[in-house]
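I opened my notebook to record a few things looked up in this structure. The entries follow in the order I made them.

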Amino acid sequence: MTKIHNFSAGPCILPQEVFQKSAEAILDFNGSGLSLLEISHRSKDFVAVMDEARAIIKRLMNLGDDYEVLYLQGGASLQFAMVPFNLMKLESGKAAYTDTGTWAAGAIKEAKKLGKVDVVGSSKEENYSFIPKDFKIGSEYDYFHCTSNNTIYGTEMKTFPKVDTLLVCDMSSDIFSRVIDFSQFDLIYAGAQKNMGPAGTTLVVVKKEILGKSGRDIPSMLDYSLHIAKESMYNTPPVFAVYASLLTLQHLENNGGIAAAEKNNIAKAELIYNEIDRNPLFATYCKVEDRSLMNACFKLTDESKKEEFDAAWKAAGINGLNGHRSLGGYRASMYNALPLESVQVLVDVIKNLK
Ligand code: PMP
């Protein structure tokens, strides 16, 4: 079998060890003779998985007891609605958002259903090719929401603004990819299916003290406080996704943690961006200072080379390189589990195009 170099945007490559151990747990979980998929989520063995999956997040993020960790369902997309339900005041609710791509716009759309939304910065008119930076967020807002990495457009926030309100961030596509001070956020969410695990669960990390103040009668399944009270087991959790996420996080912790992942991610990003910048046949879409470490989006400068280039990367065993349909071109997603070697294979293909 030829080696596949998987640049998929998510779901995406995970550590091989995670695939191996997940497969074992499906056949025989902890030597119990039972599959992970057939035991009760209330069993001692699964409760231990959930407890550790919640605890490891606080260790990796260096957060204390003022934060709670939840594994929910409904994807990051459900968080677009849960955030305003829980944080936007019922009377005269108002939140600030930046519009930096399709997913940020999705979050804005849901928040508008519950209150007033001010878009304080947007790169929409320039096809989301940069991260807006110069804005002030005052205390008149219930919260400020941003998207740390724009998966489709390949832009990433390098710093986060100081705001006089709650800071909420969708970190779906760059969580655990670089060292950041997680304590500056009041609420972080991320669909697991990039750096954290398989599709099927969404991580929510929330500062307890910010909850219970919206004045809304929140539907139970959308209520963070209820999920916290039930230790992320209000209803049947997605047991497989939580377990495989735990394995992915343990792999991260055992291999140098976020700092080591960041070092690898910088090396991978430099390798590809340096080649694209050097090579007149290729170009990126976005402002250099806002380029993502996770998703390198690029295009051919000479479309007549498309057939030849597409055939070459496919022949090299590269998978998942086509850009998102709203941008076109190519997108090399280089999540934590993607080895440098795969980026080198892609760079060699790019170099060989004449
Ligand atoms: N936010 C970002 C930044 C994303 O990349 C995605 C999906 N790729 C989403 C939100 C939506 O996530 P989900 O499919 O888990 O609802």
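I began at a strand pair, where Asn295 stands opposite Ser333 in β14. The model I am reading is a predicted one. I noted that β12 (residues 295-300) and β14 run antiparallel and are joined by four bridges.

I then looked at the side chains of β14 (residues 330-333). Tyr330 and Ala332 point one way, and Arg331 and Ser333 point the other way. I found all of them buried. I wrote beside this that side chains in a regular strand alternate between the two faces of the sheet.

Next I turned to helix α2 (residues 44-61). I counted 18 residues in α2, with a reach of 26 Å from the first C-alpha to the last. That is close to the 26 Å expected at 1.5 Å a residue.

Which residues of α2 are buried? I listed Phe46, Val49, Met50, Ala53, Ile57 and Met61. Seen down the axis of α2, these buried residues fall within an arc of 95°, so they line one face of the helix. I recalled the general rule: an α-helix has 3.6 residues a turn, so residues three or four places apart point the same way. On the other side of α2, I found Lys44, Ala48 and Arg59 exposed. I also checked what covers the buried residues of α2, and the cover includes β2 (67-72), β10 (202-207) and α6 (239-254).

I moved on to the ligand. The residues that surround the ligand include Gly10, Trp103, Asp170 and Gly191. Helix α3 (residues 75-87) gives the largest share of this shell, three residues. I sorted the shell by type and got two nonpolar, eight polar and one charged.

Gly10 came up again when I checked the backbone. A cis peptide bond joins Gly10 and Pro11, with omega about 0°. I placed Pro11 in the loop between β1 (5-6) and α1 (16-27). For reference, most peptide bonds are trans, and most residues other than glycine have a negative phi.

Asn127 sits in the loop between β4 (116-122) and β5 (143-147). Glu231 sits in the loop between α5 (224-229) and α6.

I counted 13 other C-beta atoms within 10 Å of Asn127, so I put it down as partly exposed. Glu231 also counts as partly exposed, because it has 15 C-beta neighbours inside 10 Å.

Technical notes
Residues are numbered from 1 along each chain as its sequence is written. This is a predicted model: local features need pLDDT of at least 70, side-chain atom pairs count only at pLDDT 80 or more; totals for chains, interfaces and linings use all residues. A residue is near a molecule or strand if its C-beta atom, placed from the backbone, lies within 6 Å of it. Helices (H or I, at least four residues) and strands (E, at least two) are DSSP runs, numbered from the N terminus. Ala, Val, Leu, Ile, Met, Phe, Trp, Tyr, Cys and Pro count as nonpolar, Asp, Glu, Lys and Arg as charged, and the others, Gly among them, as polar. The expected span of a helix is 1.5 Å times one less than its number of residues. A residue is buried if 20 or more other C-beta atoms lie within 10 Å of its own, exposed if 12 or fewer, and partly exposed in between; C-beta atoms are placed from the backbone. The arc is that of the directions from the helix axis to the C-beta atoms. Two residues are in contact if their C-beta atoms, placed from the backbone, lie within 7 Å. Two strands pair if DSSP finds at least two bridges between them.
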